[in-house]
Each structure stands twice: as C-alpha cells, then as structure tokens.
Protein chains: 2
Amino acid sequence: MKISTKGRYALRLMLDLAMDNSGKPISIKEIAGRQEISDKYLEQIISILNSAGFVRSVRGPQGGYMLKNDPQNYTVGMILRLTEGSLAPVSCVEDKIADCGRMENCATMNVWKRLNDAINGVVDNITLSDLVEWQKSCESGF
Amino acid sequence: MKISTKGRYALRLMLDLAMDNSGKPISIKEIAGRQEISDKYLEQIISILNSAGFVRSVRGPQGGYMLKNDPQNYTVGMILRLTEGSLAPVSCVEDKIADCGRMENCATMNVWKRLNDAINGVVDNITLSDLVEWQKSCESGF
DNA sequence: TTAAACCCTATTGAATTAGTATGAATTATA
DNA sequence: TATAATTCATACTAATTCAATAGGGTTTAA
C-alpha cells in the first residue's frame, strides 16, 4: 500500500519545474542534482510525463524541460495516476471494471469504495500551484 | 498502491467469523469454501490473526476459529495493519519514523500526510460490526 | 565540429506476492 | 484405542514488480 519512487519522484520533478519561472528549460541533470535522484532514472520518469504532454522538452545544449501548462492545471492525482497507474486500493473499484464476480461480499466492497473516495478526494484537490505555495512558505520559514 | 490479498482475505475472514453467532468454532475449510479462497493460504493468514489474539482457535475435530471479542471491538484498520503492515502511503509518514532526511521537500510531505490522514480516517472508523450490518442489509436485498 | 542535452531499450538484483507442499501436533468420536 | 478432522509450523516456488543501471542513439547550440 505504498506509492512507489516513480510517483514520488514524478511529483518532486513537476514541483521542481513549477518552482522555476525563468522561462528557460531545465535539464534533467540539474533537477536530479537538486532532488538527489539518479538522473538516468529521472530520465525514464520524465519521458512518461513528456509523452503524456505534461511537459515540453527542448533538445540539444541548453535544452531541458518545462511545464506545458500553468501549475494550477495539474492535480497531484493526474501526476500520480500517470506514473503509478491507478490509485484504487483494490482493482475492483477501478473505473473501468464494472464487476469482479463476487458482489456477494458487498460489505468489504463498501470499505474499498470509501477508501478510494478518500484517496481521490485528497489527490484530486491539490494542484501543483498549491504545492508551490506550500514549498515557498516552507522555505521562507513559516 | 494496492491492498494485497492478504489484507483483503483477512477482512473477509473476520467478517465471516463475525457473521456467525452460533458460538461454535468454524473451520478454515468451511470459510475457505464459502469465500472461495485457498484453504492453505487462509491458514497462514488466520495464524497471524491468531497469534495477535484477534481470534481463538480450537484444535481437533469440530475445531476451528471464533472471534475473541465482539465485532465492534475490531476496526478495519486493526485488521489491515496487522496483515498488510503499515497503511502509510510513504514510509516517511509512518508513526515510528521521525525524519527521512529530506525535510526540504515539505510540500510533497504535506501531500503524503493528508493522504495518510484520509486513509486512516476511513479504516479506523469502520468496525467489524459495521461490516456485519452492511452485509446483512446487502443480502436481504436493500 | 564538439559536446551538452534529450531519447530509447535492454538488463539486473532484490524484494514481494500469492500461493503450494509437506508434515507434525492435537483431540473428538466411533 | 484407532481414526480422522482439524490446527500448527515451516519450507519452497513461480511470477511479478521495483528501482535502478547500462549503453547506446539523436538533436542542436555554440
């Protein structure tokens, strides 16, 4: 019942990009250094974000990545679902799945539904710009 | 980010025991048959519940297991944490851990804390007797 | 032309998952 | 007392996932 490094790193990566407002692309190496994450591993993760259109890449020297949209357009849920896959605590409550063949245990199903709702309620209501704000107030010592 | 079969089976197992009020022990085989779970695997799971004192065992023929306490004394959280281990979405927010060495990313930490609270808020506020009630109203067609 | 960056795919060691398998110990009952 | 039903204990395993590492190839600014 853990979020893997993939999702956690992706979130830190996106926050790192969101914290920057220079307008210039930021290289993997730079982010990996700041976040103390293997740059080769980060490359794989950002490629997922790239092909999903979450970031824009600039190749060649002075290249790197930047957010494609404004921070308030990304929820934590979007980022985690993209990198982690579904956040549903059991596959039965995943959107696509209608039935898992054991509707007789509806009581436990109810638990998973509530858990799922609670998880979604958190991740779908925090945006990258919330994270930026939190991070800034944190770094300034409040 | 999934609850494993261990936790899910444990919950169905405990609910199965809670649904019974005959006062007689119920065998693994019986439960395994009803729940369509491998009895050998269930054995392993119930042994965890047994050594934690959640259930009482009776050996020999006509033996089996029964709940040690009333259903309202077990929360879903107790059962899942025992069988799954911590339900914290990242190890940083686990009770025992004070610091994970990267307090600089407090923004993402805040996400994990909220997620943790949301998860605990669900599982710690549902008891086995809630499950029994849900299950009964489900089976009766409401 | 060079080198800094992104892009792509394969490999790997460790851990976890979801069970199987085997047999021992206990005990009600015929 | 013999049998069989049950719990108890431990070892094993195939498949998958995790968290990287490795080794290149492609693009492009300077």
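Predicted model: local features only at pLDDT ≥ 70, side-chain atom pairs only at ≥ 80, totals over all residues.
Reader: Which residues are closest to DNA strand D, and how many surround it?

Author: The surrounding residues number 26. Ser4(A), Ser38(A), Gly60(A), Ile28(B) and Ser57(B) are the closest. A residue is counted because its C-beta atom, placed from the backbone, lies within 6 Å of the strand. By class, the surface has five nonpolar, 15 polar and six charged residues.

Reader: What is found around DNA strand C?

Author: There are 26 residues around DNA strand C, and Ile28(A), Ser57(A), Ser4(B), Ser38(B) and Gly60(B) come nearest. Helix 3 of chain A gives the most to this surface, with four residues. Its classes are five nonpolar, 15 polar and six charged residues.

Reader: Why are strand 1 and strand 2 of chain B called paired?

Author: Pairing requires at least two bridges. Strand 1 (residues 55–58) and strand 2 (residues 64–67) of chain B share four bridges, in the antiparallel sense, and therefore they count as paired. One of the bridge partners is Tyr65(B), in strand 2, which faces Ser57(B) as its partner. The two strands of chain B form a hairpin with five residues between them, and Gly60(B) in the turn has a positive phi of about 85°.

Reader: How do you know that chain A and chain B are related by a two-fold axis?

Author: A rotation of 180°, with 0.0 Å of shift along its axis, superposes chain A on chain B with an RMSD of 0.0 Å. That is the relation of a two-fold axis. Among the residues of chain A, Met1(A) comes closest to the rotation axis, its C-alpha lying at 2.2 Å.

Reader: What shows that the same surface serves both copies?

Author: Of the contact residues of chain A, 100% recur in chain B. The contact takes 30 residues from chain A and 30 residues from chain B. On the side of chain A that touches chain B, helix 1, helix 4 (76–84), helix 5 (106–123) and helix 6 (128–139) of chain A each supply at least two residues. The largest share, 12 residues, comes from helix 5 of chain A. By class, this side of chain A has 20 nonpolar, five polar and five charged residues.

Note on methods. Residues numbered from 1 in each chain as written. Chains lettered and ligands numbered in written order. Nonpolar A, V, L, I, M, F, W, Y, C, P; charged D, E, K, R; others polar. Contact = placed C-beta atoms within 7 Å. Least-squares fit on C-alpha atoms with pLDDT ≥ 70 in both.
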